[in-house]
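Student: Could you walk me through how to read the features of a protein model?

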Amino acid sequence: MSFPTRRKILKSLLLGGSAMAAPSAVFGALYGRGEGMPWEPMKGQPPYYGTQEDNFFTAEERATTAVICARLIPSDEDGPGATEADVISFLDRQMAGFYGRGQHWYMEGPFAEGTATQGYQSEHPPAQLYRYALAELDNYCRDRHDAAFAGLSEAQQDEILKGMDEEEITFEGVSAKAFFDLILKNTIEGYFADPIYGGNRDMVAWQYVRFPGTRYDYRDFVKHNGARIDLPPVSLMGRPGWNSLE
Amino acid sequence: MTNHLPKVDVVLVGFGWTGAIYAEKLTAAGMEVLALERGPWRDTPKDFATTFAQDELRYYWRHGMFQETSQSTVTFRNNGAQTALPMRHWGSFLPGNGVGGSGVHWNGQTYRFLPSDFVAKSHNAERYGPLPEDMTIQDYGVTYEELEPHFDYFEKICGICGTAGNLRGDIQKGGNPFEGPRSDEYPNPPMEMTFSQDRFEAAAREMGLNPFPVPSANMSRAYVNPLGLQLAPCTYCGFCEKYGCGNYAKSSPQTTIIPVLMQRPNFTLRTDSEVLSVEKSADGTRATGVTYVDTSGERFFQPAEVVVLCAYPLENTRLMLLSEIGTPYDPQTGEGVVGKNYCYQVMSGATVFFDEEYTNGFVGAGALGMAVDEYNGDNFDHSGLGFIGGGYIACYTTNARPIESHPVPDGVPGWGSEWKQSVRANFLKTTTVGVHGASMAHRSNYLDLDPTYTDRHGRPLLRMTYDFTLNDRRLTAHITPVAEEIARGMGGREVNVAERKGSYDSMPYQTTHNTGGTIMGNDPQTSVCNRYCQSWDLHNLFVAGAGLFPQNAGYNPTGTVAALAYWTVAAIIDQYMADPGSLVQA
């Protein structure tokens, strides 16, 4: 077999020398052919800030969700909780965006309940799961306690959340356990994510656990030998001290 | 309608580590090479700059670096009696997407498999007698000795940092005394270790074990590789696995091969182009090329003299099944080969909680660790144990990314004030001693096409039928207590053991080490590819990746994946080009 060079033929067919052009509708993006590493201005991937303006929750949903978050990560004498970290703003933005819509997930049917090892199998993307489950939660509470979830005592709220977690409480038409697992995961995300997404406001959660954030270089600390390292946290937005005049 | 394109010498399906390796060697040999990559172009300054790479939510929890399951996913079930359901989002493993593939978001733990791992069947049968009938393991058909120069070359391309344990047969102090003989030292010294590794090392030595630095693709110093590309010293920022490195300090296709490749006139890369199938000649003896679709939805036929599958193992297997190449594996009869011997990794560990000392996990790197190998492979006598294989035991400090890593001791609830306070109290005071266990093939663990669910192009999804086996359970039950003993010697307040119990769960992250499905071997009746990773059915179709592993060893796969790629590409250049045809007579 011979391997003759076909580069000339190929080149003449593939748009001549404009190999670095933006993705063509015909060919997808073309790179290489001796033209080096591609570089285009204004094509970077800066941080995704979530949706700043859009929101998903109704006022009532927002209030209920904020209360759930505050029970999952309470504010106490030890330090800030989901409320101080503004986890609810994080969740509202997440639910309004691609995550809430389940846009990157495989959401084709048929849907079935699945085993415990098969993961998320709800036919609802996250935002819809929240919407249906929040309504069911309030229905459940009104049936038994004559008040919506947000109107109950903290002890009652904890009791209900525990029941959902342990699958002792079920909802009509939507899985209470799937919702509980998801909102717990999302609340922890909002508490600890970079503040650019709206939660972990002023890096309160990072300060609380003493995570120094998105620092770039710890070479000076490799030989810490078990000693505490005191470094104020830094976000992808920097930190307040960087902007002060002191 | 499908557009026909001009023929190339070689078309590569997928452009991660193996695609870059093939392309570099084949273009250097003068061939016209085209790589088709499903995902986008990605490079350090544009896509993982230090100013925004360290974004835990975006890159891990929102899967910024990975294949989107909306593009394609797998369906999963634990056994054939269940109905497989789609993994609607990723969990236990994280397939990559885009230029560099998973080689962008890996940790960089770069081991060589043991010599006995390549002859697992014959070696173990000879030492311990006949193996269980449903354990469908086999020899690779290629030996460690044959792969050694290729391991060595890949380590030099990556600038792997480590301490040799066996230099041409001489055992070296401070290295892994069980490793196969090496022709050369590692190109760079090991990384500087932190407190947790120091404690692990002392505890392991106390037990008479031989701790050694994990071979690392995070640089311990500045380095220039054989292609003239430069890597920078690692800054221990704690964002390796699931992230791209903005610092040019982690070896990846982008940092070690691609810039050189892009200078070559006989190399072309098309991104955003997903291969749908490999096409065959009318007589079924050769691949004629591949059909792919670009983002506009238009289809193209790309003819080629040689086709190489360089996608992730799960996708390589699916492409062969969709293209009807080779006989699909049938778990009922044990016949057929494509999809056979899907294996994974059996992970367990022991977490140490300290009272006084700080482990400061944020000062970390993906391959920053110390390991012991006494319980890996056949480094210990398995007589009477009822299992074969093993795993390394290691103490890594990779990160303190708080959404992912906030361990609390056993008995603490999963939410509420008590949980929150325990997270705070333990956040910078824990480390884990992990067992990285081998996964032996079993007759009932396999991959095939799902009968129900399809991808966005209407093609069946791959179906994974998998559970841990008796061998896995005995292996983890034997070795996890050793990890616990080391952990107890490290001076902490308490140790919690995370055993590998129950059925395989597809959701908690374990590791992106999915192997098998396109396995290699000496017999076309039991393998998809011969010892040169060449299809038994179509002589001009070659396969790369961990799908070739007949069973998975107790190590991270990338070093062996790369060595197999260099081994095959050498066979193509030295033998196949002169006389195209099957390189092994069946």
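Here is a tutorial on helix packing, sheets, a pocket and some backbone details.

Tutor: Before we dig in, keep in mind that this is a predicted model.

Student: Got it. Let's do helices. How do I describe two that pack together?

Tutor: Two packed helices are described by the angle between their axes and the distance between the axes. Take helix H5 (residues 154-165) and helix H6 (residues 176-192), both of chain A: they pack at about 110°, and their axes are 8 Å apart. So H5(A) is roughly perpendicular to H6(A).

Student: Which residues make the contact of H5(A) with H6(A)?

Tutor: From H5(A) you have A:Leu161, A:Met164 and A:Asp165, while H6(A) brings A:Ala176, A:Lys177, A:Phe179, A:Phe180 and A:Asp181. Sorted by class, this contact has 5 nonpolar, no polar and 3 charged residues.

Student: What is the angle between helix H2 and H4 of chain A?

Tutor: Helix H2 (residues 59-72) of chain A and H4(A) pack at about 80°, with axes 11 Å apart. That angle makes H2(A) roughly perpendicular to H4(A). On the H2(A) side, look for A:Glu60, A:Glu61, A:Thr64, A:Thr65 and A:Ile68; on the H4(A) side they meet A:Tyr130, A:Arg131, A:Leu134, A:Leu137, A:Asp138 and A:Arg142.

Student: Now sheets. What is the strand order in the open sheet of 4 strands?

Tutor: In chain B, that order is E5-E4-E21-E20, and the pairing is mixed. Strand E5 (85-86) and strand E20 (446-454) of chain B are the edge strands, each pairing on one side only. Inside the sheet, strand E4 (residues 74-77) and strand E21 (residues 460-465) of chain B pair in the parallel sense over 4 bridges.

Student: Which helix lies across E4, E20 and E21 of chain B?

Tutor: That's helix H10 (residues 313-322) of chain B, which runs at about 120° to E21(B).

Student: And what is the pairing in the open sheet of 6 strands?

Tutor: The pairing there is antiparallel, and the order is E8-E17-E18-E19-E16-E22 in chain B. Strand E8 (212-213) and strand E22 (494-498) of chain B each have a single partner strand, so one side of each has no neighbour in the sheet. Strand E16 (residues 346-353) of chain B pairs with E22(B) in the antiparallel sense over 5 bridges, and B:Thr351 stands opposite B:Asn496 in E22(B). Helix H12 (residues 470-488) of chain B lies across E16, E17, E18, E19 and E22 of chain B, at about 20° to E16(B).

Student: How do I think about pockets?

Tutor: Rolling a probe the size of a water molecule over the atoms shows where empty space is left. In this model, the second largest pocket has a volume of about 860 Å³.

Student: How many residues line the second largest pocket?

Tutor: It has 34 lining residues, and those nearest its centre are A:Gln45, B:Pro40, B:Asp47, B:Arg58 and B:Gly64. Helix H2 (44-47) and helix H3 (56-61) of chain B are the elements that give two or more residues to this lining; H2(B) gives the most, with 3 residues. By class, the lining has 16 nonpolar, 8 polar and 10 charged residues.

Student: Last one: what should I look for in the backbone?

Tutor: Most residues other than glycine have a negative phi, and most peptide bonds are trans. Against that background, check the bond joining A:Gly109 and A:Pro110, which is cis, with omega about 0°. You'll find A:Pro110 in the loop between helix H3 (87-96) and helix H4 (126-145) of chain A.

Student: Where is B:Asn360?

Tutor: Look in the loop between E16 and E17 of chain B. B:Asn360 isn't a glycine, yet its phi is positive, at about 50°.

Definitions and conventions: Residues are numbered from 1 along each chain as its sequence is written. Chains are lettered from A and ligands numbered from 1 in the order in which they are written. This is a predicted model: local features need pLDDT of at least 70, side-chain atom pairs count only at pLDDT 80 or more; totals for chains, interfaces and linings use all residues. Side-chain values use heavy atoms; hydrogens and water are left out. Two strands pair if DSSP finds at least two bridges between them. Contact means heavy atoms within 4.5 Å. Axes are lines fitted to C-alpha atoms, for helices over the stretch in contact, and angles run from 0 to 180 degrees between N-to-C directions. Angles under 35 degrees count as roughly parallel, over 145 as roughly antiparallel, 65 to 115 as roughly perpendicular and the rest as oblique. Ala, Val, Leu, Ile, Met, Phe, Trp, Tyr, Cys and Pro count as nonpolar, Asp, Glu, Lys and Arg as charged, and the others, Gly among them, as polar. On a 1 Å grid over the protein atoms alone, a cavity is a set of points where a 1.4 Å probe fits but cannot get out, and a pocket is an open set with protein on both sides within 12 Å along at least five of seven lines; lining residues have an atom within 4 Å of a point. Grid points are joined across faces, edges and corners, and a volume is the space filled by probe spheres set on the points.
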